[in-house]
Amino acid sequence: MIQHPYLPQTEDEIKSMLETIGVSSIDDLFSDIAPSVLLQKELNLPKTKTEWEVYQELSHLAEKNRSAISFLGCGSYDHIIPSVVGRIMGLPMFYTSYTPYQAEISQGVLQAIFEFQSMICSITGMDVANASLYDGATAAVEAAAMAVNSSRNSDTILVSETVHPSTKAVLRTYFGDLGINIVEVPAEKGRSNFAAIRDALKSEVAAVLVQTPNIFGYLEDLTGLADAVHDNKSKLIVSSNPMSLGIARSQAEWNADIAVGDTQPFGLPSYFGGPSVGYIATREKLMRKLPGRIVGQTTDAEGKRAFVLTLQAREQHIKRERATSNICSNQALAALGTTIYLSLIGKQGLKEAGNLCLQKAHYLHDRLVKELGAEALSAEPFFNEFTLNIGSKTDDLIKALRSGGIYGGVRVENLDERYQGLVTIAVTEKRTKQEMDRYVDIAREVL
Amino acid sequence: MDGETQLIFERSVAGRRGFLFPENDVETKPIDNLIPENYRRNGETCLPEVSEVDVVRHFTELASRSFGVDAGFYPLGSCTMKYNPKVNEDIAALSGFTSLHPLQPSEDVQGILELMYKLTKGLCELTGMQWGTLQPFAGAHGEFTGMKLFKAYFKSRGEHDRRKILVPTSAHGTNPASAHISGFEVQEIEADHRGLVSIEDLKKHLDENLAGIMLTNPNTLGLFEKDIETIATLVHDAGGLLYYDGANLNAIMGKVRPGDMGFDVIHMNLHKTFSTPHGGGGPGAGPVLVSKRLVKFLPVPDVEKQGEAYDFCFAHPESIGRISGFYGNIGVLTRAYAFLLAMGSDGLTAASEMAVLNANYLRSRLKTSFSIPFEGICKHEFVLSAKNIKEEFGISALDVAKALLDAGIHPPTIYFPLIVPEALMIEPTESESKETLDRFVEVMESIAKQAAVDPQKLHDAPHQTPVRRVDEVQAAKHPIVAWRPE
Amino acid sequence: MAMSVDKSLKYTENHEWVKVKGEVAYVGISDHAQEELGDIVFVELPELDDEVSKGDEVVNIESVKAAAPVYAPVSGKITEVNDALEDAPETINEAPYDTFIFALELSDTSELDDLMDAAAYEAFLKEEE
């Protein structure tokens with residue numbers, strides 16, 4: 001038996017326990033495994049390493065990664081993260097606990113989730129929200145599933161072209177082989193074509209999914225869309241970067257039925273794409289159709305306010321023909337990070353952070369477009385991302401910026417090959433005038 | 001702690017700030033010039049206004065009203081609540097990992113790509129599989145991915161009638177759910193008197209509609225499916241595939257591998273077997289690993305190695321496509337890889353040996369006070385039934401669980417699997433010392449004794465926790481799921 | 001545990017009871033079903049005038065720990081739903097045989113022959129145990 005800090009049993013203890021059990025060796029405890037499948041050799045993996053060696057090896061791997069001043073967005077953003085967030089997430093009773101099924105000793109975790117749900121409701125303007133889903137893309141899938149499940153004879157989801165390509169791809173994976181059509185409605189100059197969306201509405205359409213700000217960064221004008229969708233007895237699903245919602249119109253104000261998105265901008269590092277936090281919120285009347293965990297407020301045997309996982313009936317009995325997804329856990333600890341962040345910045349901070357992103361993005365945009373004559377994909381309003389058509393100079397621009405220690409933006413063709421020559425540039429409150437001026441100076445040489 | 005805790009909103013005082021941003025260093029234009037009115041939000045959110053100290057005290061108090069592995073014994077069956085190594089937290093927090101944007105150029109993320117590649121390779125070696133994907137965010141997500149892989153496989157062979165998935169009656173609820181929502185029909189297979197899959201019942205369903213079988217081995221009773229080779233042969237001969245739910249992998253590392261048992265697709269739960277923290281319910285990771293013939297259907301992107309360099313590859317024409325927005329819960333994967341290195345081949349084997357030893361020890365010691373439905377050795381977990389004390393004294397598995405809370409011990413899983421009445425599923429894991437196990441036995445024995453002497457006290461348990469038993473009926477009938485300002 | 005079985009009603013294998021009044025069939029769930037579910041917290045009722053076929057899922061009943069579908073035991077058009085269940089779903093637990101959930105106008109009376117009578121249902125319950 002090897003010695004290891006994670007394995008407390010000593011040779012004497014092992015002997016004593018074997019005796020109590022009534023067997024003579026550890027091997028006896030595996031005698032129920034047929035010899036024909038029992039591993040006869042050791043696993044072809046390196047042997048155990050000490051903590052320091054593990055730390056060294058992983059640090060070495062971390063050092064093989066590089067970073068630069070980032071203007072990358074498209075679903076993951078480089079925002080300022082207050083120190084308190086990490087400290088609280090690192091409290092042992094939060095991160096080493098399990099799902100709060102035993103309410104009496106999990107009131108802390110449950111209340112934190114209740115506060116998360118409340119904040120999502122407030123930000124989106126919706127009545128109810130769940131404890132979080134995996135990410136923004138799968139949240140959109142869940143919303144689509146809700147729409148399909150709560151309507152009869154529907155087999156189509158209309159998706160605007162300006163929804164994130166990865167979201168569209170995940171929708172196709174989930175629904176493609178179930179007879180549900182994911183129909184993309186072509187965009188026009190970087191924004192949704194609402195006339196086309198309206199034309200495509202027919203009785204088989206369960207829902208319409210749009211994203212604002214969209215993949216290119218532009219805000220979508222959803223005026224009248226909800227009415228048209230509801231007249232067709234379909235549901236409107238709106239995906240939004242929640243950082244924009246201190247300033248931009250909320251999904252509830254657009255009269256959406258379901259609000260989805262990703263709260264990574266709130267207190268979570270990019271971390272190469274995960275973990276992030278998908279959110280989903282809806283109107284009261286669709287509450288019992290919400291997937292995933294939900295925490296509710298109640299009282300205990302002595303009348304004290306208490307919290308508990310509720311509406312659990314929705315999770316396991318999915319016998320219906322049109323059931324389409326089984327996401328039933330949440331991103332608990334990451335959602336806690338978001339809750340802490342939102343508590344720290346508060347209602348004023350959400351507006352301020354949004355405004356900083358807005359002002360800085362427009363500063364960079366205006367310098368690139370007005371001074372350097374770069375071609376903007378659209379002249380419509382944007383929040384903290386915008387898209388330039390750099391065309392044949394894209395390679396040179398990105399390379400030059402990279403040499404200057406800057407990630408200039410996302411080459412959208414890497415997300416969808418239809419978008420050759422387009423670069424989406426994201427600016428957060430973390431970016432300084434100095435950094436942006438340097439960006440412009442480098443770009444000037446190329447463009 | 002008693003009394004009610006305030007919600008963070010209830011601590012709000014207008015004008016307080018918990019965090020300030022640097023001032024704008026570019027020209028501030030009127031917002032209306034940048035975003036016209038019809039795009040603007042009307043009104044404010046009701047996010048709280050609190051100071052930094054308020055936030056710290058609030059969440060510190062909430063943490064004190066929670067229970068984690070760091071506080072005590074957590075024998076939740078099928079959850080593998082093992083110790084979460086602290087060095088993994090330090091590693092996961094390295095800025096060389098946290099600062100990475102998912103759309104950075106490949107040459108700048110060689111370290112993380114190498115980690116993902118080596119982790120996949122290591123997990124394949126551990127489980128006897130060919131290759132896999134790290135994208136699934138959780139076990140259920142992995143199961144769903146696995147079912148999609150099954151579908152893609154049969155579609156490629158023109159076998160569109162294979163719509164039936166077999167699932168044991170002892171299976172976890174997500175198994176039939178995942179199968180069903182993927183478009184399969186679920187057929188339950190009975191357990192025999194040993195608690196194992198009934199071969200007789202299995203044979204009834206091996207027709208041309210068979211897509212495959214979903215199993216966990218050891219099963220949810222903690223018993224090793226001895227006939228697994230027979231089952232694999234029968235299912236494969238009938239043209240079906242085998243799916244392995246890796247929730248119970250902690251029992252068999254270094255002893256037997258799912259691939260060698262005949263499984264075609266498996267998922268692992270890294271937050272169970274590989275020590276990544278449960279975090280109060282997530283984030284986890286549920287990598288899916290497959291046998292050779294299914295590799296081409298794996299989700300994109302795939303991580304591949306070309307020479308000494310690593311890169312993402314999207315060029316897999318038969319792939320089922322994307323199943324997540326980016327690449328999975330990378331923050332969880334870094335911790336899992338650290339654990340893989342820390343344990344190694346001998347450590348992982350020892351972990352399973354100790355997990356199985358601990359479970360069998362508890363089982364032997366608890367035999368006298370509780371009824372144990374199945375004879376023989378168990379693997380890393382076992383099921384007790386409280387039916388003897390229920391019949392005699394009216395004390396249910398729920399009462400036992402609540403009484404354990406008063407002793408500072410997290411209860412085992414209760415009322416699962418469904419085929420055992422008043423079930424308590426106990427999984428100690430390898431992290432627990434003999435003293436902890438002995439104390440658990442003492443407490444369980446005293447509960448059994450108290451059932452005879454003062455059952456009402458058990459019905460009213462817990463007595464020592466911050467809140468008493470909560471009214472779940474009210475919560476479900478009149479759900480209040482968000483705070484609203486007055 | 002012996003659950004009560006109302007002798008005047010007909011039953012399905014999914015524990016629904018049926019009471020026929022002329023051309024209309026009233027449908028509820030048996031004592032066994034409500035006991036299995038536990039405290040019922042929500043009943044999702046169908047829309048009036050919906051046409052349903054025998055075996056269609058018509059209602060969804062939620063308790064704290066479970067959700068159970070209620071199927072149409074016969075085909076027809078929904079003519080009545082028990083709106084009182086919106087505020088008091090627990091009446092199904094309290095008086096399962098006095099609480100109907102929905103009623104439908106029969107479109108095929110021969111389907112009634114496929115239902116079990118009380119004795120057959122009792123035997124069916126015993127077998128399930």
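In chain B, the C-alpha centres of domain 1 and domain 3 lie 50 Å apart, in a division, with bounds from an automatic or database domain assignment, that gives domain 1 (8–54), domain 2 (87–343) and domain 3 (346–474) of chain B. This is a predicted model, in which local features need pLDDT of at least 70 and side-chain atom pairs count only at pLDDT 80 or more, while totals for chains, interfaces and linings use all residues. Residues are numbered from 1 along each chain as its sequence is written, and chains are lettered from A and ligands numbered from 1 in the order in which they are written.

An unreviewed UniProt entry places the feature "domain: Glycine cleavage system P-protein N-terminal" at residues 32–299 of chain B; such annotations may be inferred rather than shown by experiment, feature names are shortened, and positions are given in the numbering used here. Residues 32–299 of chain B are 34% helix and 12% strand, with the end C-alpha atoms 44 Å apart, where helices (H or I, at least four residues) and strands (E, at least two) are DSSP runs numbered from the N terminus.

Chain A is divided into domain 1 (69–78 + 349–445) and domain 2 (83–341), and the C-alpha centres of these two domains of chain A lie 28 Å apart. Their contact, in which paired residues have C-beta atoms, placed from the backbone, within 7 Å, takes 24 residues from domain 1 of chain A and 23 residues from domain 2 of chain A. On the side of domain 1 of chain A that touches domain 2 of chain A, the elements giving two or more residues are α10 (332–371) and β12 (385–389) of chain A, and α10(A) gives the most, with seven residues.

Conventions. Contact = placed C-beta atoms within 7 Å.
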